[in-house]
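This report goes through one structure in short sections. Please keep the sequence and the 3D view open while reading.

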Amino acid sequence: MSTVSKALDLLDVFTRTRADIGLSDLARLAGVNKATCYRLMSDLAAHGFVEQTDGARSYRLGPAFLKYAALREAAVPMKEAALPLLTALARESGETVHVSALVAGDLRTIAFAYSPAHAMKVMMEDADHLPFHATSSGLAVLAHMAPNARSAVLGSPLARRTADTLTDPARLKERLALIRAQGVAESAGGYEPEVSSLAVPLFDALGRVSGALAVAAPAARLDDGHRARIRAGLCAAAPDMVRLWGGSAPQDITTLWAATAQGKDTP
């Protein structure tokens, strides 16, 4: 593994709930020895990518990321473009809405919006990484991946997050075939107990799957009528989300979305 890859692995350990990390914990979580971790973190600190917190030996992400995040957002304003649509869908569905994108082979949350309709809602602050097999977003993306990429995911160890997480590759293949036929993915308790979600895939300019748009709700609130309204809302919003990000969805998918948005049954 290259030095750059090792440094990136260290940065990937940081999350919203793990924003400050000591050197020993960082080395353990990244799977590198302490001396290597210290050398890499010193190099990253010299360039502003990490910094040590005042009066402590722990590290946090540094200000250099603000520069590059601003440049990225200026060139491709994904979050800014998505928020109005997410807010509208959250208001319409009464639930939490989020959008994710494929980043270096992982599915990452880009933006989210909460509905004011209910005090009890699904929170997204800690869901930076969405497992392909355990979330509706991941299933929606996995169903439309290139066959070799999908096989690589299904052939890797699939962590069981809850009692309802589907980890059997054969059963997952059956689920993915159904998702491709319907244009919408659903997960019930696969990522968090008592949380259900529905998602549609998003596509880039070449028609390749690039992310997902999803609605997440407490399972107790998701009766058949509410589920149908969420499916219709997602399918109505999906073409707009694809266009906002400069993408183009395959014709068979747009046909499925149009039928579902109009309340027609899909296979």
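## Terms and basis

A residue is called buried under 20% relative accessible area, exposed over 50%, and partly exposed in between, computed with a 1.4 Å probe on protein chains only. Helices (H or I, at least four residues) and strands (E, at least two) are DSSP runs, numbered from the N terminus.

The model is predicted: local features need pLDDT of at least 70, side-chain atom pairs count only at pLDDT 80 or more, and totals for chains, interfaces and linings use all residues. Residues are numbered from 1 along each chain as its sequence is written, and side-chain values use heavy atoms, with hydrogens and water left out.

## The sheet

Five strands make up an open sheet in the order β4-β3-β7-β6-β5, and the pairing is antiparallel. The edges are β4 (106-113) and β5 (185-188); each has a single partner strand, so one side of each lacks a neighbour in the sheet. On average, neighbouring strands here are turned by 25° against each other, direction ignored. Two strands count as paired if DSSP finds at least two bridges between them. Strands of a sheet pair through backbone hydrogen bonds, either parallel or antiparallel.

Strand β3 (residues 96-103) is joined to strand β7 (residues 209-218) by six bridges and to β4 by seven bridges. Both pairings run antiparallel. Ser100 has Ala212 as its bridge partner in β7 and stands opposite Thr109 in β4. The hairpin of β3 and β4 has two residues between the strands, and Ala104 in the turn has a positive phi of about 50°.

Which residues of β5 lie on its covered face, and which on its uncovered one? Ala185 and Ser187 are on the covered face, whereas Glu186 and Ala188 are on the uncovered face. Four bridges pair β5 with strand β6 (residues 195-203) in the antiparallel sense, and Ala185 has Ala199 as its partner in β6.

Six residues lie between β5 and β6 in their hairpin, and Gly189 in the turn has a positive phi of about 75°. Glu194 is found in the loop between these two strands. Its phi is also positive, near 70°, in a residue other than glycine. Most residues other than glycine have a negative phi. With a relative accessible area of 62%, Glu194 is exposed.

## Helix α6 and Ser137

How many of the eight residues of helix α6 (residues 136-143) are buried? Eight of the eight are, so the helix is largely enclosed by the rest of the structure. The buried residues include Ser136, Gly138, Leu139 and Val141.

Ser137 is in helix α6 and is buried at 1% relative accessibility. Contact means heavy atoms within 4.5 Å. Leaving aside neighbours within four places in sequence, Ser137 is in contact with His98, Ser100, Leu107, Leu130, Ala199, Ala212 and Ala214.

Two packed helices are described by the angle between their axes and the distance between the axes. Axes are lines fitted to C-alpha atoms, for helices over the stretch in contact, and angles run from 0 to 180 degrees between N-to-C directions. Angles under 35 degrees count as roughly parallel, over 145 as roughly antiparallel, 65 to 115 as roughly perpendicular and the rest as oblique.

Helix α9 (residues 224-244) packs against helix α10 (residues 251-261) at an angle of about 140°, with the axes 7 Å apart. The two are therefore oblique to each other. In α9, Arg231, Ala232, Cys235, Ala236, Ala238, Pro239 and Val242 meet Trp257, Thr260 and Ala261 in α10. The axes of helix α5 (residues 78-93) and α9 come within 10 Å and cross at roughly 165°, which makes α5 roughly antiparallel to α9. Residues in this contact include Leu85 and Leu89 of α5, and Ile230 and Leu234 of α9.

## Trp257

Is Trp257 buried or exposed? At 0% relative accessibility, Trp257 counts as buried, and its place is in helix α10. Not counting residues up to four places away in sequence, Trp257 touches Gly183, Val200, Pro201, Phe203, Cys235, Ala238, Pro239, Val242 and Ala249. The C-alpha atoms of Trp257 and Pro84 are separated by 20 Å, and these residues are 173 apart along the chain.
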